[in-house]
Amino acid sequence: SHKYVERRLLVAESCGCLAPYLPSELRSSLVLSMLQQMLHFDKSEEVREAAARSLAVIVSFIDDHNKYVQCNDLVFAALRDSASCVSLTGRQILLPAFMAWSFELHWLETKLLSSVLNDLRKAVENVVSKLDPDGPAPDDESVAIEKIDLLTDTISWQVSSLLLAAPFDGVEPSQTVEKTTYPEVAGSLFD
């Protein structure tokens, strides 16, 4: 809460830089709450962006799975931030770190994706219920689009989770791939 932006920015960046060297209890309590305050309440978009970047580092080192819901809320706060640089950092840096943690905890489908799908369903229901000549509320449309984008971002994690959970042990391939399986290609490039 210092009056100079540079100092607040330094604190936000230092949280991420020092995270690997701090005790686990300190990371998941004091540092996490400092970043939460900066992400929610700081007026400077540069400070909020640095807080989102540092939060990605903290999420990568957090051992306390009881902080999952709090981190989930922070991820969505960053994604919904009014400053495009903060929401972009949330999407490109913080969200992948959080998905990796969700994947590691085996909560990708049960917690993260189910939450996103429920929010998407509610947003779509709101849009549909407000269909009139004036059109749906922009907030409902933007929430639906945000959730669809988020689902798109999680596809590679979903496929990885599926492949790791699938029962492939001892299963023989039902069909072998032969050269004749593919159609012949004719053209000057293949001569």
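This is a predicted model: local features need pLDDT of at least 70, side-chain atom pairs count only at pLDDT 80 or more; totals for chains, interfaces and linings use all residues.
Biologist: What makes up the secondary structure of the protein chain?

Modeller: Eight helices and zero strands. Along the sequence the pattern reads α-α-α-α-α-α-α-α.

Biologist: Why is Cys 17 called exposed?

Modeller: Its relative accessible area is 56%.

Biologist: Why does Cys 85 count as partly exposed?

Modeller: Cys 85 has 21% relative accessibility. Buried means under 20% and exposed means over 50%. The value for Cys 85 lies in between, so partly exposed is the term.

Biologist: How do you know that Cys 17 is in no disulfide?

Modeller: Look at the sulfurs. The count by the disulfide rule is zero. For Cys 17, the nearest cysteine sulfur is that of Cys 15, and it is 9.4 Å away.

Biologist: What makes the nonpolar surface patch, and what is its area?

Modeller: Ile 155, Val 159 and Leu 163 form it, with about 260 Å².

Biologist: What makes the largest nonpolar core, and which residues have the most contacts inside it?

Modeller: It has 42 residues. Those with the most contacts inside it are Leu 35, Leu 39, Leu 55, Val 59, Phe 98 and Leu 112.

Biologist: Which helices each supply at least two residues of this core?

Modeller: H1 (5–18), H2 (24–41), H3 (45–61), H4 (68–79), H5 (84–104), H6 (108–129) and H7 (138–153). The largest share, eight residues, comes from H3.

Biologist: What does Leu 35 touch, leaving out residues up to four places away in sequence?

Modeller: Ala 12, Cys 15, Ala 51, Ser 54, Leu 55 and Ile 58. Leu 55 is also listed among the core residues with the most contacts.

Biologist: Why would nonpolar side chains be found together?

Modeller: In soluble globular proteins they tend to be buried together.

Biologist: How much of the chain counts as buried?

Modeller: Of its 191 residues, 34%. The chain exposes about 12200 Å², and carbon and sulfur atoms supply 58% of that area.

Notes. Residues are numbered from 1 along each chain as its sequence is written. Side-chain values use heavy atoms; hydrogens and water are left out. Patches are made of residues with over 30% relative accessible area and no salt bridge: like charges are joined within 9 Å, nonpolar side chains (Val, Leu, Ile, Met, Phe, Trp, Tyr) within 5 Å. Accessible areas come from the Shrake-Rupley method with a 1.4 Å probe; for residues, only the protein chains shown count as cover. A salt bridge is a side-chain nitrogen of Lys or Arg within 4 Å of a carboxyl oxygen of Asp or Glu. A nonpolar core is a set of buried Ala, Val, Leu, Ile, Met, Phe, Trp, Tyr and Cys residues joined through side-chain atoms within 4.5 Å. Buried means under 20% relative accessible area, exposed over 50%, partly exposed in between (1.4 Å probe, protein chains only). Helices (H or I, at least four residues) and strands (E, at least two) are DSSP runs, numbered from the N terminus. Contact means heavy atoms within 4.5 Å. A disulfide is a pair of cysteine sulfur atoms within 2.5 Å.
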